[in-house]
Amino acid sequence: MPHFRIREAAGLLGVSDDTVRRWVDAGDLAASADDAGRKVVDGAELARFAVAQSHPTPDPSGVARSARNRFVGIVTGVVSDAVMSQVEMLCGGQRVVSLMSTEAVRELRLEPGSLAVAVVKATTVIVETPGGTA
């Protein structure tokens with residue numbers, strides 16, 4: 001199982017290094033020392049902690065749907081021409097970009113600052129690992 005240094009764990013959790021150190025010092029997140037004496041967090045422990053700490057933004061749409069991948073966020077940019085638009089959102093720190101008709105953008109009143117939900121229904125999700133080989 002991989003181990004992550006405090007800085008790496010902080011980046012993955014979207015918090016500061018100091019926050020991760022406080023969690024470790026409080027006993028909320030288990031850490032050990034690597035061969036160089038630096039604090040590291042076991043990957044499985046970090047995954048468990050991340051799930052326990054996650055509090056997804058509630059979906060404000062009130063729509064029941066089969067798609068499980070819903071990302072609530074704020075629209076950060078809209079680029080439109082006569083027919084098509086590119087809508088960019090920030091959802092939990094992640095950038096999500098959608099291409100849609102300009103008519104849909106107008107109907108949904110999408111503009112920077114709008115609250116929106118990105119719904120992804122895909123049969124293929126590609127997963128990559130750093131340094132992995134195919």
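At 69% relative accessibility, arginine 109 counts as exposed (over 50% relative accessible area is exposed, under 20% buried, partly exposed in between; 1.4 Å probe, protein chains only).

Q: Where is arginine 109 found?
A: Arginine 109 is in the loop between α4 (102-108) and β7 (115-120). Helices here are DSSP runs of H or I with at least four residues, strands are E runs of at least two, and both are numbered from the N terminus.

Q: What about phi of arginine 109?
A: Phi there is near 55°, a positive value in a residue other than glycine.

Q: What should I know about the model itself?
A: This is a predicted model, where local features need pLDDT of at least 70, side-chain atom pairs count only at pLDDT 80 or more, and totals for chains, interfaces and linings use all residues. Residues are numbered from 1 along each chain as its sequence is written, and side-chain values use heavy atoms, with hydrogens and water left out.

Q: OK, switching to α1. Which residues are buried in α1?
A: Ile6, Ala9 and Ala10. Seen down the axis of α1, the buried residues fall within an arc of 100°, so they line one face of the helix; the arc is taken from the directions from the helix axis to the C-beta atoms.

Q: And which exposed residues does the face turned away carry?
A: Arg7, Gly11 and Leu12.

Q: What do the buried residues of α1 pack against?
A: β1 (3-5), α2, β3 (39-42) and α3 (43-53), with contact meaning heavy atoms within 4.5 Å.
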